[in-house]
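Dear colleague,

Please find the structure below. My notes on it follow directly after.

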Amino acid sequence: MNLVWIVFGAALAVAVPAIATAWAQSRIGSAIAASMAEKPELSTTAILMIAIPETMVILGFVVALVILLRAGGPG
Amino acid sequence: MAKIRVMGPRDRLPEVLDVIQDAGVLHLAAPAADSAVTSVVPADRENRERRNIRRLLDDVEWDLGHLGPGPGGHAVVPETAAAEPVEWARTAARLRRRLERMDAQLAHLDEERSLILKYRSFFDAFRSLLEAEPRWPHTTAYHVLLRSGDQDALPRLRQALGHVLDGAFEMYDRPLESGETAVLVIVPADHAANLERLFAESRVEEIPVPAAYGGGTLANAIPEMLARLKLIPRERDALGREREGLARAHRAELERARAWLNDRRAHLDALALSGVTSHAFVIEGWLPADGRAAFEKRIHTACGREVVVSEESREEWTSEDAPVVLSNPRLFRPFEAVLRLMPLPKYGTLDPTPFVAVFFPAFFGLMVGDVGYGLILGLLALLVRTRTRPGTLLRSVAEIAGACALFAVIAGVLFGELFGDLGSRWLGLKPVLFRREEAILPFLILAISLGAVHILLGLILGVVSSRAHPRQALGRGLSAAMLIGVIVALLAVLEVLPRGLLTPTVIGLLVAFPLLILAEGITAPIELLSALGNILSYARVMALGVASVMLAVVANQMVGAMGSVAVGVTFALLFHLVNFAIALFSPTIHALRLHYVEFFGKFYSAGGVRYAPFGRWVAGAGRRAA
């Protein structure tokens, strides 16, 4: 396959989840900041809630790696 | 934990409570409902005392808070021999009134100072005009400040003035250092009312000359204001000295009062948790099983054999009632702070602190993986440790950071990294395992393998913690076995393991599948899949690790890329600093998440009640266990 498309696919695999994660974190961040103002004991929940959507981009990163590796890229 | 019952003659209840409070090990619980034993109903006198204590404590805490920090920080307050609540109440109330007056004086001085500064900047801007103000016949001058950031305010004001006053005005404006704009408007005296109405409607901030400085014109008032400005710091200092004097005179007494009042309040609370019959009292509570003999000895020594201490058998109480205290070896104890962010585990379930103590720094180390960053973090941890008191959260954080730093250095040696590739370029540092920036796939395999180990460990701990519920334990055991089966099958497909293993493993999985549904219900396959997803989630260790080393390498490349070496080195240092800051924050959050979500989700049962023994109060630590 054309190298450009492979690289584009890998970039897309990271970029789309990254945008989704950013959007999710912005919503969660504002909600949790408001909650913590009233209940500071929610700090643990805040950490978890902020970190949970990042799984998407991590998995996207792994998929991108798999795409690049199959095309003979890094590793 | 051991559940203890203390019994004795009813009239000796207050004395026995005092001894128990001194011992500081018994977590009190209300006696079980029994027809013969009733709760102590507080008398009117005790209710009144409780109200007085609450009011007095409020005054004392307020006074101590407003006297500023003491010389020794949170020193242990010596116990009082004799209580003088009436005298304390008088002192605290008098002191509070005095401190409130001083606070009001300070606030007034600050307000006055900022007002004078505002006038001074205004006067400086229009000095020549304002000095001529007394000589203007039949005119009134208005001083206005326009806030910074509103570019259109000035033209709008000029337009509005033109409209209202029909051109009969003079307006001058000067930008001030604060970003505000000073505006001087001079209008004929008979137009003044129109202008004042305009200011009020458009909410323009006008600053009239205060009567306190002679009134009249600003030029007349300014010399008085400037003289006053010189006096304000002296008055502030005098108030500060007075506060210090009050602190010297009363702090020790107030701290003693606070300790006594807190103790007395706890005593009254304990009284309400005691049970009585017509002739006897019963106190029930929990203490660590190994402290039982010492507690009994203490009670007998102080109260004699008339007071009986007995232990309830294990059959008489349930795990849900027992309080929880985490007890770990010294090496693991700082990591209890990680668990403090979560609800406590239930009594009788597993305390995961030792596992956190191993895996948390290991994951952190793999993500940071740099000798240089590790050493800097180690130094910072050492610095914080030397400046904090034992038992505080900050001390625990410093010790956790120390362990993380050690693992970061070890990982740095394994990956051959010292400030990125600087170690290999300058010192010829060779990796023991592999270079993270080159060997991404091996690093990914390492991260996911660690994840598999961590999740399997979680499932095994789940089996152990649910041993009292065989069906649940069987389900978790089957999940663990099937997870191993899926991993073996995948490795066999990829020919990492012999391909011959594939068929027996798949058969095993097919046999285990219905058993898993029988044991855990229809949601079991979903949980198994989520466990596989959890393992993949450990890829973040690799992702953050690679990002960290790449940023460090980019930082090093800046030295040669900026033309000037000095500029390059500055940028490289700044970039390393940013990378180090990220390396402190991001790996911590992700290592925490891997524990809270992926690992604890497999076995952790939250919902324990914290062990809070009835003891003497100590400053900075709440209640003290002896």
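Leaving aside neighbours within four places in sequence, A408(B) is in contact with F364(B), G365(B), V368(B), G369(B), D370(B), Y373(B), G374(B) and L377(B); two residues are in contact if their C-beta atoms, placed from the backbone, lie within 7 Å. A408(B) also belongs to the largest nonpolar core, which has 80 residues, and is listed with F360(B), F363(B), F364(B) and C404(B) as having the most contacts inside that core. A nonpolar core is here a set of buried Ala, Val, Leu, Ile, Met, Phe, Trp, Tyr and Cys residues joined through C-beta atoms within 7 Å. A residue is buried if 20 or more other C-beta atoms lie within 10 Å of its own, exposed if 12 or fewer, and partly exposed in between, with C-beta atoms placed from the backbone. Helix α12 (residues 393-415) of chain B gives the largest share of this core, 12 residues. Apart from this core lies another, of 26 residues, among them I20(B), V25(B), F281(B) and V307(B).

The model is predicted: local features need pLDDT of at least 70 and side-chain atom pairs count only at pLDDT 80 or more, while totals for chains, interfaces and linings use all residues. Residues are numbered from 1 along each chain as its sequence is written, and chains are lettered from A and ligands numbered from 1 in the order in which they are written.

**Chain B**

Chain B has 19 helices and 14 strands; helices (H or I, at least four residues) and strands (E, at least two) are DSSP runs, numbered from the N terminus. Its radius of gyration is 36 Å, well over the 25 Å that the globule rule gives for 626 residues, so chain B is more spread out than a compact globule. The radius is taken over C-alpha atoms, and the globule rule is 2.2 Å times the number of residues to the power 0.38. The C-alpha trace of chain B spans about 110 × 85 × 50 Å along its principal axes. Of the 626 residues in chain B, 32% are buried. Among contacts in chain B with a separation of 6 or more, 75% join residues 24 or more positions apart.

Two loop residues of chain B deserve a note. D166(B), in the loop between α5 (153-165) and β5 (170-175), has a phi near 60°, a positive value in a residue other than glycine. D166(B) is exposed, with 10 other C-beta atoms within 10 Å. F419(B), in the loop between α12 and α13 (422-426) of chain B, also has a positive phi, near 50°. With 24 C-beta neighbours inside 10 Å, F419(B) counts as buried.

In helix α14 of chain B sits S449(B), which is partly exposed, with 13 other C-beta atoms within 10 Å. The C-alpha atoms of S449(B) and I535(B) are separated by 8.1 Å, although these residues are 86 residues apart along the chain.

**Chain A**

The secondary structure of chain A comes to 3 helices and 0 strands. Chain A has a radius of gyration of 17 Å, whereas a compact globule of 75 residues would be near 11 Å. Its C-alpha trace spans about 55 × 20 × 10 Å along the principal axes. Buried residues make up 20% of the 75 residues in chain A.

How do two of these helices pack? The axes of α1 (residues 3-38) and α3 (residues 54-70) of chain A come within 8 Å and cross at roughly 175°. That makes α1(A) roughly antiparallel to α3(A), a description used for angles over 145 degrees. The axes are lines fitted to C-alpha atoms over the stretch in contact, and angles run from 0 to 180 degrees between N-to-C directions. Residues making this contact include I6(A), G9(A) and A10(A) of α1(A) and E54(A), M56(A) and V57(A) of α3(A).

**Where the chains meet**

The contact between the chains takes 17 residues from chain B and 14 residues from chain A. On the side of chain B that touches chain A, α14 (440-465), α17 (524-537), α18 (539-561) and α19 (565-599) of chain B each supply at least two residues. α19(B) gives the most to that side, with 6 residues. By class, the side of chain B that touches chain A has 13 nonpolar, 2 polar and 2 charged residues. Ala, Val, Leu, Ile, Met, Phe, Trp, Tyr, Cys and Pro count as nonpolar, Asp, Glu, Lys and Arg as charged, and the others, Gly among them, as polar.

With kind regards

Terms used: Parallel < 35°, antiparallel > 145°, perpendicular 65-115°, else oblique.
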